[in-house]
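Reader: I would like a close look at one part of this model. Please take me through the salt bridges, pair by pair.

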Amino acid sequence: LGVQWQWHANFNPKWIFNDATNGCIRLYSYQLTENAVSLWDVPNLLLQKTPADEFIATMKLRFRPTSKYKGERTGLIVMGFDYSGLILENTDNGILLSQAECKDAEKRNKEIANATAAWTDQWVYLRVSFDKQALCRFSYSKDGKNYETFGKPFQAKEGKWIGAKIGTFCTRPFIQTNDGG
């Protein structure tokens, strides 16, 4: 990984596999703690500081959750005291794409979903565009060319000791097992 990438907590090698041969990384779904309320409590957020006043970040993602466990999640997030992102989740009803948001995450508030849709493809392109006022707009694409706006605009907010960051994660609920997608 480039030096711009930072973990939300002290690194654990169980979180990631750097696949240099194929030019990608693999994130393993890491188990949440019993008392985790939101992504604010998740150590394995792979983030970087926003690179400019105005920019677009795009992520190509393949989500392959473990079918026998529900609740595995991954996606593209903007993290600060408030956070929002496009999140794929393995549910009892199949995989759902949602635009999730959490206000005052540090105060242990819960996420809400501003929009949800069923998702059947393994691959997805997730995108967030920042304007000069740090207003974020999320969109997704199946082909990397045609993007559909999804959810509500989100006002990025600084985090603890730092500005807002963008990145990704992969988690699973607290289940006593070593299996993870």
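Author: Start with K142 and D121. In this predicted model, their side chains meet in a salt bridge, 3.8 Å from N to O. K142 sits in the loop between β12 (135-141) and β13 (148-149), and D121 in the loop between β10 and β11 (123-130), so the pair ties together parts that are 21 residues apart in sequence. How accessible are the two partners, K142 and D121? K142 counts as exposed, because its relative accessibility is 53% and the cut-off is over 50%. D121 has 32% and counts as partly exposed.

Next comes K160 with E106. Here the N to O distance is 2.6 Å, again in a salt bridge between side chains. This pair links distant parts of the chain, 54 residues apart. K160 belongs to the loop between β14 (154-155) and β15 (165-172). E106 belongs to the loop between β9 (94-102) and β10 (112-119). K160 is partly exposed, at a relative accessible area of 36%. E106 is partly exposed too, at 34%.

A further pair is R137 and D131. Their side chains form a salt bridge at 3.8 Å, N to O. R137 is partly exposed, with a relative accessible area of 38%.

Across the whole structure, the search finds nine salt bridges. Among them are K142 with D121, K160 with E106, and R137 with D131.

Notes:
Residues are numbered from 1 along each chain as its sequence is written. This is a predicted model: local features need pLDDT of at least 70, side-chain atom pairs count only at pLDDT 80 or more; totals for chains, interfaces and linings use all residues. Side-chain values use heavy atoms; hydrogens and water are left out. A salt bridge is a side-chain nitrogen of Lys or Arg within 4 Å of a carboxyl oxygen of Asp or Glu. Helices (H or I, at least four residues) and strands (E, at least two) are DSSP runs, numbered from the N terminus. Buried means under 20% relative accessible area, exposed over 50%, partly exposed in between (1.4 Å probe, protein chains only).
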